[in-house]
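Welcome! Have a look at the sequence and the model below, and then let us walk through some of the details together.

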Amino acid sequence: MPELPEVETVRRTLYPHVVGREIRRVEILTPRQIYYPDPDTFKAELEGARFTDIERRGKYLLFRLGPALLVAHLRMSGHLYISAPERPREKHLHVVFHLDDGSELRYADQRKFGGFHLVGPDGRGLPPGLMHLGPEPLSDEFTVERLAAALSGRRTPVKAALLNQELVAGLGNIYADEALFCARIHPARPAGSLTAAEVERLHGCIRRVLERAVAKRGTTFSLYRDGEGNEGDMYDELQVFDRAGQPCPVCGTPIEKVTVAQRGTHFCPRCQPVPEGVALKPRRARPGRRGLSVRVAAEPPEPYA
Ligand SMILES: [Zn+2]
């Protein structure tokens, strides 16, 4: 699932191909991927409009077309990319924006959870998730104090708090595990139990992990590709995610995988001690799933700190 670094990479790779281009025609192959407004209005509003900017907020892509705002949410498996028109169409293609230079901005989505909102000038159509997003973790508004306030008093696991987009925007399963490993905090610790020093460490780690992932253009371990169809390079840098059974890059203890916040969660039992009184449900690695088990980093990754 694309998280902040992947969505940011899509934004950066689409930008030079898309900004300045006019949409000649919108082809909607799967109407239900258009969440707002109805597909006919969506087409009518966008045909003839010109892309003026692409921004990102959390895991959302925000395409500006003059006064219009087109929001794309990739969710589980959405893929938005630029393509030559002659390139064969894939099975899961849902929307095609035909651009004035002959290229196509294509939206494919195997699991069909993602899609588009075209927001009106009055703000109608804005996805509810976008309205209530927490601070951008790589911006100045994300301070240690703000993270401390977000975690304070919460009895939910700290991992669940990091996945909550209203507390901090853009983190998902991969980078929540990586940031907690970097900060040496067990993912099942109650969010409100972190000391001031731990919150500060976690704040720095969230930034370091995301910055490295953006620099490496995101993580590809299954479906994710950037706006030009290329894989990201972050997979080989991951320290715990998808590394169950492999040695911790810091202490050599085998990484464990358990369920926390209903998600497969990876941690080092030595660097991130299991909190007292917390029973963890082990998860069995599923060998062969989408080829995950064959993809093993050749060199141990460089620690974050
Ligand atoms: Zn370790």
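Let us begin with one residue and its neighbours. Leaving aside neighbours within four places in sequence, His 117 is in contact with Tyr 35, Tyr 36, Leu 69, Leu 70, Val 71, Gly 125 and Pro 127. His 117 belongs to strand E9, which covers residues 115-119, and with a relative accessibility of 15% it counts as buried. Please keep in mind that this is a predicted model.

**A pocket and a cis peptide bond**

- The second largest pocket has a volume of about 180 Å³.
- Which residues line the second largest pocket? The lining is made up of Tyr 36, Pro 37, Glu 45, Pro 67, Ala 68, Leu 118, Val 119, Gly 120, Pro 121, Asp 122 and Arg 124.
- Sorted by class, this lining holds 7 nonpolar, 1 polar and 3 charged residues.
- Two of the lining residues, Tyr 36 and Pro 37, are joined by a cis peptide bond, with omega near -10°.
- Most peptide bonds are trans.
- Pro 37 sits in the loop between strand E2 (34-36) and helix H2 (39-46).

**The zinc site**

- Which residues are the protein donors of the zinc ion? They are Cys 248, Cys 251, Cys 268 and Cys 271, each through its SG atom, and they lie 2.3 to 2.4 Å from the zinc ion.
- Along the sequence, these donor residues follow the spacing C-x2-C-x16-C-x2-C.
- Cys 251 is in the loop between helix H7 (196-215) and strand E10 (256-260), while Cys 268 is in the loop between strand E11 (263-267) and strand E12 (281-282), so this pair ties together parts that are 17 residues apart in sequence.
- Why is the arrangement around the zinc ion called tetrahedral? The 4 donor atoms subtend angles of 100 to 113°, and that makes it tetrahedral.
- For comparison, the ideal angle for four tetrahedral donors at a metal is 109.5 degrees.
- Are these two cysteines buried or exposed? Cys 251 counts as partly exposed, at 25% relative accessibility, whereas Cys 268 is buried, with a relative accessible area of 0%.

**A covered helix**

- How many residues of helix H6 (residues 173-182) are buried? The helix is mostly covered, with 10 of its 10 residues buried.
- Among the buried residues of H6 are Asn 173, Asp 177 and Glu 178, along with Ile 174, Leu 180 and Phe 181.
- The cover over the buried residues of H6 includes helix H1 (4-18), helix H5 (158-163), H7 and E11.
- After H6 comes Arg 184, which has a positive phi, near 60°.

**Positive phi angles in a loop**

- Most residues other than glycine have a negative phi.
- Ala 261 is not a glycine, yet it has a positive phi of about 55°.
- Gln 262 is not a glycine either, and it has a positive phi of about 60°.
- Ala 261 lies in the loop between E10 and E11, and Gln 262 is found in the loop between E10 and E11 as well.
- Ala 261 counts as partly exposed, at 23% relative accessibility, whereas Gln 262 is exposed, with a relative accessible area of 73%.

**Separation in sequence and in space**

- Thr 9 is part of helix H1 and counts as buried, at 4% relative accessibility.
- Not counting residues up to four places away in sequence, Thr 9 touches Val 214, Arg 217, Gly 218, Tyr 224 and Asp 226.
- Thr 9 and Leu 171 are 162 residues apart in sequence, and their C-alpha atoms are 15 Å apart in space.
- Ala 215 is found in helix H7 and is exposed, with a relative accessible area of 61%.
- Along the chain, Ala 215 and Lys 59 are 156 residues apart, and their C-alpha atoms are separated by 17 Å.
- Pro 31 lies in the loop between strand E1 (23-28) and E2, and is partly exposed, with a relative accessible area of 46%.

Notes: Residues are numbered from 1 along each chain as its sequence is written. This is a predicted model: local features need pLDDT of at least 70, side-chain atom pairs count only at pLDDT 80 or more; totals for chains, interfaces and linings use all residues. Side-chain values use heavy atoms; hydrogens and water are left out. On a 1 Å grid over the protein atoms alone, a cavity is a set of points where a 1.4 Å probe fits but cannot get out, and a pocket is an open set with protein on both sides within 12 Å along at least five of seven lines; lining residues have an atom within 4 Å of a point. Grid points are joined across faces, edges and corners, and a volume is the space filled by probe spheres set on the points. Ala, Val, Leu, Ile, Met, Phe, Trp, Tyr, Cys and Pro count as nonpolar, Asp, Glu, Lys and Arg as charged, and the others, Gly among them, as polar. Donors are N, O and S atoms within 2.8 Å of the metal (3.2 Å for Na, K and Ca); water is not among the atoms, so sites may look incomplete. Four donors count as tetrahedral if all angles lie between 85 and 135 degrees; four count as square planar and six as octahedral if opposite donors are over 155 degrees apart and all others between 65 and 115; anything else is irregular. Helices (H or I, at least four residues) and strands (E, at least two) are DSSP runs, numbered from the N terminus. Buried means under 20% relative accessible area, exposed over 50%, partly exposed in between (1.4 Å probe, protein chains only). Contact means heavy atoms within 4.5 Å.
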